[in-house]
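Reader: I'm new to this one. Can you walk me through it, in plain words?
Author: Here is the model to look at.

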Amino acid sequence: MRKIIVHVVAVACLFLVFDRMAGWGLKALYRQSNATDEYKVSYANESACDPILFFGSSRCLHHYVPSVFEKELGQGCFNAADWGIKNIYYHYGLLGNMLTRYTPKTIVFEVHPCDWLQTPFSGTERAKSLAPYVGMSDACDEMLRLSGDYWPYRLSVVYRFTGSLPNLLTGKLGTMDRSLKGWKPMDGVMDTTGVKAEEYPFSIDTARVALLERFVADCQSHNIRLVMAASPMYVCADADVFGYPRSLAARHSIPFFDHYRDSAFVGHQELFYDFGHLNRQGAMLYSQIVARELSMLR
């Protein structure tokens with residue numbers, strides 16, 4: 001029995017040593033990567049220190065051009081958004097991590113229905129992108145507990161990078177241009193064949209709503225000016241998709257820049273890469289409009 005215990009302890013120690021060594025190597029590769037997920041998550045959590053931040057999913061990633069805002073506002077900006085239907089579970093954990101390092105002056109939050117509705121393919125699992133930063137903040141750890149893998153992440157450093165292993169081990173370090181400060185432009189013009197409005201026939205998710213309220217409260221308690229925004233779509237749903245966040249913003253005296261049905265964009269094929277994402281030209285034009293709106297809040 002004693003020999004078995006000794007062997008088990010020895011194996012466990014070897015596992016921990018190997019895991020930590022391999023984990024450190026993966027973390028170094030992760031920080032160097034210019035693949036969209038790895039760059040956006042690592043830089044936002046570890047390095048971003050600009051006074052103006054943009055939060056959101058893919059529509060934010062492609063629509064907000066930091067250089068345009070910096071020229072108009074005279075302040076540094078970083079687009080911290082990431083694609084993959086990131087929702088409030090991810091955003092809340094990210095905010096918690098960033099607040100352990102510094103306090104931005106302004107956050108522009110491009111809200112998406114997945115932030116308050118029971119949308120499919122966008123639940124608590126979206127927080128798993130924060131796995132490399134387990135232990136960085138209480139908010140992050142809370143979201144990772146909801147995702148279901150908190151303790152495996154705490155035990156194994158390597159396991160924290162499982163979602164990134166294909167990129168890290170094959171050397172596919174990506175093409176994100178770091179000089180664009182988190183913006184990922186889309187080049188091309190959409191094909192309008194068969195395009196229909198994206199509808200959201202889903203119920204309100206009380207858990208997500210509660211997190212949105214906490215996101216607002218945390219910003220306000222840190223004296224961060226929070227602005228909510230909805231950028232344009234090529235074709236819009238009949239329903240009032242953004243009714244809930246509009247009411248949330250009103251209750252908390254938060255500016256809400258609602259461009260979802262903006263006639264300067266809706267139906268203008270030349271400004272869209274696909275029905276839900278602006279192309280480079282559209283993003284530049286939209287950023288100019290929002291930058292002017294932000295300047296008027298001063």
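Reader: How many aromatic pairs does the structure hold?
Author: It holds 17 aromatic pairs. Rings of Phe, Tyr and Trp (its six-membered ring) pair if their centres lie within 6.5 Å; planes under 30 degrees apart count as stacked, over 60 as edge-to-face and the rest as tilted.

Reader: What sort of pair do Y39 and F78 make?
Author: The planes of Y39 and F78 stand at 85° with the ring centres 6.5 Å apart, so this pair is edge-to-face. Y39 is in helix α2 (residues 36–46) and F78 in strand β2 (residues 77–79), so the pair ties together parts 39 residues apart in sequence. Helices (H or I, at least four residues) and strands (E, at least two) are DSSP runs, numbered from the N terminus.

Reader: Before I go on, what is this model, and how are residues counted?
Author: This is a predicted model, in which local features need pLDDT of at least 70 and side-chain atom pairs count only at pLDDT 80 or more, while totals for chains, interfaces and linings use all residues. Residues are numbered from 1 along each chain as its sequence is written, and side-chain values use heavy atoms, with hydrogens and water left out.

Reader: Back to Y39. Buried or exposed?
Author: Y39 is buried, at a relative accessible area of 1%. F78 is buried too, with 1% relative accessibility. Buried means under 20% relative accessible area, exposed over 50%, partly exposed in between (1.4 Å probe, protein chains only).

Reader: And which way do Y64 and F69 pair, stacked or edge-to-face?
Author: Their planes are at 25° and their centres 6.3 Å apart, so Y64 and F69 are stacked. Both residues are buried. Ring pairs also link them into a cluster with F54, F265 and Y286.

Reader: What about α2 as a whole, then? How many of its residues are buried?
Author: In α2, 8 of the 11 residues are buried, so the helix is largely enclosed by the rest of the structure. The buried ones are T36, E38, Y39, K40, V41, S42, A44 and N45.

Reader: Changing topic: which ring does the charged end of K86 sit over?
Author: The ring of Y90, with the charged end of K86 5.5 Å from the ring centre. R145 lies over the face of Y150 at 4.1 Å from the ring centre. A charge sits over a ring if NZ of Lys or CZ of Arg is within 6 Å of the ring centre and within 35 degrees of the ring normal.

Reader: Which residues of α6 are buried?
Author: A139, C140, D141, M143, L144 and S147. The buried residues of α6 pack against α5 (88–99), α7 and α9 (206–221). Contact here means heavy atoms within 4.5 Å.

Reader: What follows α6?
Author: G148 does, and its phi is positive, near 100°. D149 lies in the loop between α6 (138–147) and α7 (150–155). At 15% relative accessibility, D149 is buried. Not counting residues up to four places away in sequence, D149 touches K128, L144 and Y159.

Reader: What lines the largest cavity?
Author: R59, H112, P113, Y200, M233, F242 and Y260 line the largest cavity, which has about 40 Å³ of space.

Reader: And the second largest cavity? What is its volume?
Author: The second largest cavity has about 30 Å³. Its lining is S57, R59, C60, E110, V111 and H112.

Reader: Last one. Where is H268?
Author: H268 is in the loop between β5 (256–258) and β6 (272–274). H268 is partly exposed, at a relative accessible area of 28%. Leaving out residues up to four places away in sequence, H268 touches Y234 and S263.

Terms used. On a 1 Å grid over the protein atoms alone, a cavity is a set of points where a 1.4 Å probe fits but cannot get out, and a pocket is an open set with protein on both sides within 12 Å along at least five of seven lines; lining residues have an atom within 4 Å of a point. Grid points are joined across faces, edges and corners, and a volume is the space filled by probe spheres set on the points.
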